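Please look over the sequence and the model below before reading on. The text then goes through a few of its features one by one.

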Amino acid sequence: MHVVPWRRAELQFQCVAQPQPQQAVGAVLRTANAALPVLAPAWQALLHGHCAGIEHGGGEAEPGAIVAWVVGAGGRRDRQAAEKQRRPRGRGERTPGRGRVRALVPVSAKIHCFAPSSSEEIMTVRTRFAPSPTGFLHIGGARTALYCWLESRRRGGQFVLRIEDTDRERSTDAAVQAILDAMQWLGLNHDEGPFYQTDRLARYRQVADDLVAAGKAYYAYETKEEIEAMRDAAMARGEKPRYNGHYRDRDEPLRDDPNRVIRFRNPTEGAVVFEDKVKGRVEWSNSELDDLVIFRSDGWPTYNFAVVVDDIDMGITEVIRGDDHVNNTPRQINIYHALGARVPEFAHLPMILDKEGKKLSKRTSAVSVMEYRDDGFLPHALLNYLVRLGWSHGDQEIFSREEMIALFDIADVNKAASRFDTEKLAWLNQHYLKTDDPQALAPEFAWHLARAGIDCSGGPAPADVIVALRDRVHTLKEMAERARIWYAPIAEWDDKAVVKHLKNDTAVAVLDAARGLLLECEWRPEPIHRVIEQTAARLELGMGKIAQPLRVAMTGTQVSPSIEHTIYLAGRGEALKRIADAIAMAQG
RNA sequence: GCUCCCUUCGUCUAGUGGCCCAGGACACUGCCCUCUCAAGGCGGGAACACGAGUUCGAGUCUCGUAGGGAGCACCA
């Protein structure tokens, strides 16, 4: 794609201060800064309005005049791309460095605004997520889906879900369902679909036939062995394995043959150029490309063909997908051209690696989104983590859904691959555990309790448990485990804890005193806290001497949330019973 | 092998030629707080892959080197 300059700012500067070697830099800058307000509108455009480059005025322009090109379409990438384009020029006429612009005083500044010239400016944005159902939704796919979703939401467009199931061997209904479930759990709702490629076979057939009829594709009959031999021969010559175009210009009559495929007649000359929103300008010589198969001998279209037909039919304007597809893009663009269709924008996202910097794999880390649910992560924590992996907005770490939608821009995504860091995810997860409304968290927590085999019907309200534990755990799974003590009797006593905190001189007195006060007090954490303080005051003991025996009595261990919460959550009856048991144990 | 892509603290990142002897966050670590464990508060160590070039000035622009990745299917 090319950059469409639709606004153009013309700034004219008079040269008053040319930086000289050794000259105080400050003096020059001061001159420049004084000039800034004069050209505020144009300067704003330069700074914020996607400046594509700065040029000396043409031949007729006054000496020192500077013209800035401002593009409407994108951000940083467009600028970089535009700079690359203007770069080739003679050494003698170097473009003035931008720093030097500040050393010039403007005599006039005007911006010409043209109405959007191409249809793409007006068209609503449509993105799509197109997984192939050969397994669960993995982390990389989830981020791609998130970015697609975000981009369509921010720009008021539509998000389409498409299932790419033309690989009949590996696609399963279970995988489709797993992906749908994961998308729903993450809350990435789609506006259209899911569309299934297997439902669209007739359409692919028709488009392929049209291409053949138009001479833009042709039948070929090589066997797989012949193709393989071709590839080996090319490799042996040190070349890239490519189809040799044997049937390209044969014009053989159509015949039935188990090896019959349709190949796309790829241009042999020239190059394919596109502006990737993430990677910047990508250029590909057509001589690197061969005539790819678009229809297989089994009667199904290949991926590269089906995506293009689908994306055209579904009106996709932004193709956002994994890095591994960059190499396919030039081929696909050629197909767009052959079909006379408008080429969408492309954005290829860098990979997500594991902690060691290797490809994510089941062996080293959790890869399925639903596995993260099982491990006790919140969907919005995962989303927040994912959105920051390869993208940022200044120093901000925490993003609500609304903020993500408002702030995200696919053009700001980084180019380099990033590593998945479970510890940072855990931190985010705890952040949301601490700040979310416990009531809102309760259903997901109850799901984890049930999953841990805990019957929460007779125990404390899940929301109360969340409040007591959220400062102490990173995941809901961990929280469910720690919550067990309030839903079931103490299963195991920590001997060390018993010896240290129950079998001592003061424990019985403490437990007895606390029991007396607990019998009467109002059953909420705050009054219970006051009971503990009263006990300490009455017995003239430190809080440690009071809280620890009670803690052991309540949990059988020396670790738990604050003592008032620990007691409160047990409920009055159970708390008193456990204290009585502990007194017996201390005396026995 | 060929083509394309990438490179700032251990990790995620800020960075648009002077605001940078590089900022934030996670992790690590010291102190404070404290009924345990945490959480929290205040500190600390820690990076521009390397080499040339352009420039008065380079993390930022150019070229090269090294390292890493992806693709090269009748898989998506």
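The model is predicted.

The sheet comes first. Three strands make up an open sheet, and their order is E8-E9-E12. The pairing in this sheet is antiparallel. Strands of a sheet pair through backbone hydrogen bonds, and this can happen in a parallel or an antiparallel way. Strand E8 (217-220) and strand E12 (293-295) stand at the edges. Each of these two has a single partner strand, so one side of each is left without a neighbour in the sheet. On average, and with direction ignored, neighbouring strands of this sheet are turned by 45° against each other.

Strand E9 covers residues 261-264, and four bridges join it to E8. One residue to look for is Tyr219, whose bridge partner in E9 is Ile262.

Helix H8 (residues 201-213) lies across E8, E9 and E12. Relative to E12, helix H8 runs at about 125°.

Next come the charged side chains. Side chains of opposite charge can pair when their charged atoms come close. How many salt bridges does the structure hold? The number is 38.

One of them lies in helix H24 (residues 572-587), where Arg578 and Glu574 are four residues apart, about one turn of the helix. The closest N and O atoms of this pair are 2.7 Å apart. Is Arg578 buried or exposed? Arg578 counts as buried, because its relative accessibility is 5% and the limit for buried is under 20%.

Another salt bridge joins the side chains of Arg231 and Glu228, at 3.9 Å from N to O. These two are three residues apart in helix H9 (residues 224-236), so about one helical turn separates them. Arg231 is partly exposed at 37% relative accessible area, and Glu228 is partly exposed at 43%.

Arg281 and Glu283 also form a salt bridge, with 4.0 Å between the closest N and O atoms. Here Arg281 is partly exposed, with a relative accessible area of 28%, whereas Glu283 is exposed, with 53%.

Salt bridges can also link several residues. Arg128, Arg162, Glu164, Arg200, Arg203, Asp310, Asp311 and Asp313 form such a network. Of these, Arg203 falls within the residue range of helix H8, 201-213.

Notes
Residues numbered from 1 in each chain as written. Chains lettered and ligands numbered in written order. Predicted model: local features only at pLDDT ≥ 70, side-chain atom pairs only at ≥ 80, totals over all residues. Heavy atoms only, no water. Buried < 20%, exposed > 50% of the residue type's maximum accessible area, 1.4 Å probe, protein only. Pairing = 2+ DSSP bridges. Axes fitted to C-alpha atoms, helices over the stretch in contact; angles between N-to-C directions. Contact = heavy atoms within 4.5 Å.
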